[in-house]
Amino acid sequence: MTDPRDTLYAETLTDPGLFTFNQAVVGVFPDMIQRSVPGYATVIAMTGLLAARHARPGTRIYDLGCSLGASIMAVARHEETRSCDIVGIDNSDAMLSSCRQTLQRELPERNITLMAGDIAQTTYSNASVCILNYTLQFVPVDQRLALLKALREAMEPGDILILSEKIELEPASMNNLMIDLHHGFKRAQGYSDLEIARKRQALENVLIPETRSAHTRRLHEAGFNHCDYWFQCYNFASLIAIA
Ligand code: GEK
């Protein structure tokens, strides 16, 4: 069965307003994220492998901003994660109820906890793997450090955080080139120039990208010992940070 196609920004009659994770977005989300985030499928699959390598028995694997459960499913597929509690958190009720149905259908034997809430206000404990795939970018910038500190405090030395984000490149000329390349990617995925422009407008001040160095600096400040980029495709990158 093919996923319903994202045409949310093809409609020109209404003002798109600010982007929110509502029911309309949930309905087209798998198609939207595949056609909008270069490297998405690779990052999700590798998230599963990284989690399998670092999962400690009896601990929690947190997926923050779990949306429809793509990372959870990539993690749960690996035998090494079987004795861990997988905890998915999202503040969109529409996302979570669809995620719950998918997990009941796809992984009926796995006991996975889904929590509704703001990841910046959640208490974390006993974590060996924390996943932030394309979610930190939606958290207000002034709350990001406290969130990363809370995660680090829930982890033991050697545990990992996976952080995937849209990033801002330096200098501005390189950033503009990457944005252009990203728009070319979206065009090649079938989005029109109008859809690309309207989506960009809707995400303005909602998705706040930061530079590569801002991310690594903050991860060190939060108490992570080492971090490095393991993947980048245009202006979308993924880091691994070791507690
Ligand atoms: C994937 N990780 O498929 N608290 C909880 N959830 C939040 C918050 C917050 N403060 N802010 C945003 N979200 C997924 C994709 S999507 C990325 C993640 C994207 C949630 C929001 O409801 C949405 O489900 C998710 O974070 C971001 O790999 O759409 O670009």
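**Stop 1: the ligand shell**

The model is a predicted one: local features need pLDDT of at least 70 and side-chain atom pairs pLDDT 80 or more, while totals for chains, interfaces and linings use all residues. Residues are numbered from 1 along each chain as its sequence is written, and side-chain values use heavy atoms, with hydrogens and water left out.

Zoom in on the polar contacts. A polar contact is a pair of N or O atoms within 3.5 Å; within protein, one must be able to donate a hydrogen and the other to accept it, and residues adjacent in sequence count only if both atoms are side-chain atoms.

- Y40: a polar atom of its side chain lies 2.6 Å from an oxygen atom of the ligand.
- D118: an N or O atom in its side chain is 2.9 Å from a nitrogen atom of the ligand.
- I119: here a backbone N or O atom lies 2.9 Å from a nitrogen atom of the ligand.

How much of the ligand does the protein bury? Taken alone, the ligand exposes 660 Å², and the protein buries 94% of that. These areas come from the Shrake-Rupley method with a 1.4 Å probe; for residues, only the protein chains shown count as cover.

Helices (H or I, at least four residues) and strands (E, at least two) are DSSP runs, numbered from the N terminus.

**Stop 2: aromatic pairs**

The structure holds 3 aromatic pairs. Rings of Phe, Tyr and Trp (its six-membered ring) pair if their centres lie within 6.5 Å; planes under 30 degrees apart count as stacked, over 60 as edge-to-face and the rest as tilted.

Select Y62 and Y124. Their ring centres are 5.0 Å apart and their planes stand at 85 degrees, so this pair is edge-to-face. Which parts of the chain does the pair link? Y62 is in strand β1 (residues 60-64), and Y124 is in the loop between β3 (112-116) and β4 (127-133), 62 residues apart. Both Y62 and Y124 are buried. Buried means under 20% relative accessible area, exposed over 50%, and partly exposed in between (1.4 Å probe, protein chains only).

Move to W230 and F231. The ring centres are 5.7 Å apart with planes at 45 degrees, so the pair is tilted. W230 is partly exposed, at 27% relative accessibility.

**Stop 3: charges over Y191**

Show Y191 with R35 and K186. R35 lies over the face of Y191, 4.0 Å from the ring centre. The charged end of K186 also sits over the ring of Y191, at 4.9 Å from its centre. A charge sits over a ring if NZ of Lys or CZ of Arg is within 6 Å of the ring centre and within 35 degrees of the ring normal.

**Stop 4**

Select E210, in strand β6 (residues 210-211). Is E210 buried or exposed? E210 is buried, at 12% relative accessible area. Its side chain makes a polar contact with the side chain of R144 at 2.7 Å.

Then pick N175, in helix α6 (residues 172-188). N175 is buried as well, at 13% relative accessibility. The side chain of N175 reaches the backbone nitrogen of L169 at 2.9 Å.

**Stop 4: a meeting across the chain**

Go to Y9, in the segment before α1. Y9 counts as buried, at 8% relative accessibility.

**Stop 6**

Select E170 and P171. A cis peptide bond joins E170 and P171, with omega about -5 degrees. P171 lies in the loop between β5 (155-168) and α6.

Two residues other than glycine have a positive phi here.

- N205: phi is about 65 degrees. Find N205 in the loop between α7 (193-203) and β6. N205 is exposed, at 67% relative accessible area.
- Y234: phi is near 55 degrees. Find Y234 in the loop between β7 (226-233) and β8 (236-242). Y234 is partly exposed, at 30% relative accessibility.
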